[in-house]
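Please read the points below with the sequence and the model side by side.

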Amino acid sequence: MLSRKSALSASSGIWMKSLGHLMVLSSLCCLISGYSERDRVHDLMSKYPLIDGHNDLALQLRIRHNNRLSQVDLHNISKVATDITRLQAGHVQAQMFAVYVMCGAQEKDAVRLTLEQIDVVRRMCTEYQDFELVTSAQELRNSEMRHKIACLISIEGGHSIDSSLPALRMFYQLGVRSMALTHSCNTPWAESSSKLYDVYQRQNNSLTHFGKAVVEEMNRLGMIVDLSHTSLDTAWAALKHSKAPVIFSHSSSFSICSHGRNVPDWLLLDLKKKHGLIMVNLHNNFISCSDKANISRVADHFDHIKKVIGAESIGIGGDFEGAVSFPQGLEDVSKYPALIQELLQRNWTEIELADVLRKNFLRVFEEVERVRDRMTLSQPSEVQISLEEVQNPCRLVLRHPVPRGPSHQSPISRAPHEPKGLPILAIVLLLSSLLMIE
């Protein structure tokens, strides 16, 4: 007589064989009917086209063309992974275009460079009919109905605002709807995951009083707080302080690849509690912690994150143009259907994938806007950072010039660098009289 354990084992074996037969039959039915897995992916992504959380095309336009759009046709761009033709082939209906300025511009001309990058994104998204610049969740939805590729603008790195809340507000007026608190460098008020730049080092103060004011003002404006590139301590502090959901616009799972840019499970759980979103990055170094990766390894990240916090907290942030190597089969933005096909083969449901492709991001964006609407009575923040925190020699302090003449002289009677002695006007008059005498 079979033991209960043996019976269960036999039953399990029969069930697995039956499941295998069903899968074979399903595949045969698809072949007979002519409806392939690719057809299924095409139909799914046509119904739920992708919202991609991160793309650095604007950076490549600056590097390769110095932002001269007249030199390039955005329908077909060589030596990059992104253009209009491939976005359409990849079923990308909305793209968050990053406005990125190198950390070397901090304390220099970061604001000017950021304005120039915003300008090139605005130009390409208004001069090409296939694109449409959007600044709200409703506009994003409307652009899908008009069969446009929606452009969202995101600032990649808090150093772009030069520690100024008025600058942050002006960027919002120009259409920016998301900002990463840091890039590869610390700011005076937030900490980066990278140790590449040895600037603004602090102990036990990963999000300062001013940093919290930045998060609060982003909530008030309706700007999405992006935690990709921040240190774990800064990410945790910002997540706890924000009134609205936050995102990691292009980060992956630390449990699958232990890179400092990826997110550990304990932080994913806090992200879920905040109803936030992690948009999986496709860069090889963040996928396999090496220079090579494949689609299967990418899918491992999706599977793990789904196991930890569910499909309702996942999106896609490819990071094309910002990184140099991508998995085999996912070399450019046209290849996104291959990833969705892999996930379908791993028994992800179409409902789950609809969430990953677009519904999760729309939910977060709409909730960020609801928080903004609840804060309409709040006045713009006037919190300022101290000069001691900024330590920027290029910052002008507005005050009267220090007088160099007698103590009774007016501080505005002479320019700060005017030489002592006779006033310039007296010298000119004296020279004129000498010339007349000659």
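1. A disulfide here is a pair of cysteine sulfur atoms within 2.5 Å. This is a predicted model, in which local features need pLDDT of at least 70 and side-chain atom pairs count only at pLDDT 80 or more, while totals for chains, interfaces and linings use all residues. Residues are numbered from 1 along each chain as its sequence is written, and side-chain values use heavy atoms, with hydrogens and water left out.

2. The structure contains three disulfides. When the bonded cysteines of the protein chain are numbered in sequence order, they pair as 1-4, 2-3 and 5-6. Helices (H or I, at least four residues) and strands (E, at least two) are DSSP runs numbered from the N terminus. Buried stands for under 20% relative accessible area, exposed for over 50%, and partly exposed for values in between, with a 1.4 Å probe and protein chains only.

3. In the disulfide formed by C103 and C185, the sulfur atoms are 2.2 Å apart. The torsion about this S-S bond of C103 and C185 is about -85 degrees, so the disulfide is left-handed. C103 lies in the loop between strand 2 (92-100) and helix 5 (110-127), and C185 in the loop between strand 5 (176-180) and helix 8 (209-221), so the pair ties together parts that are 82 residues apart in sequence. C103 is buried at 6% relative accessibility, and C185 is buried at 1%.

4. C125 and C151 also form a disulfide, with their sulfur atoms 2.2 Å apart. The link of C125 and C151 is left-handed, with -90 degrees about the S-S bond. Because C125 lies in helix 5 and C151 in strand 4 (residues 149-156), the pair ties together parts that are 26 residues apart in sequence. C125 counts as buried at 2% relative accessibility, as does C151 at 0%.

5. C257 is joined to C289 by a disulfide with an S to S distance of 2.0 Å. The torsion about the S-S bond of C257 and C289 is about 110 degrees, so this disulfide is right-handed. The pair links distant parts of the chain, 32 residues apart, with C257 in the loop between strand 7 (247-248) and helix 10 (265-273) and C289 in the loop between helix 11 (284-287) and helix 12 (295-309). Is each end buried or partly exposed? C257 is buried, with a relative accessible area of 1%, whereas C289 is partly exposed at 40%.

6. M179 is found in strand 5 and is buried, with a relative accessible area of 0%. Its contacts (heavy atoms within 4.5 Å), not counting residues up to four places away in sequence, include S154, I155, W189, V214, M218 and M223. The C-alpha atoms of M179 and M223 are separated by 7.3 Å, although the two residues are 44 residues apart along the chain.

7. Helix 8 has 13 residues and reaches 19 Å from its first C-alpha to its last, close to the 18 Å expected at 1.5 Å a residue, where the expected span is 1.5 Å times one less than the number of residues. Ten of the 13 residues of helix 8 are buried, so the helix is largely enclosed by the rest of the structure; among them are F210, V214, M218 and L221. The buried residues of helix 8 pack against helix 7 (165-173), strand 5, strand 6 (224-226), helix 9 (232-241) and helix 14 (350-374). Just after helix 8, G222 takes a positive phi of about 95 degrees.
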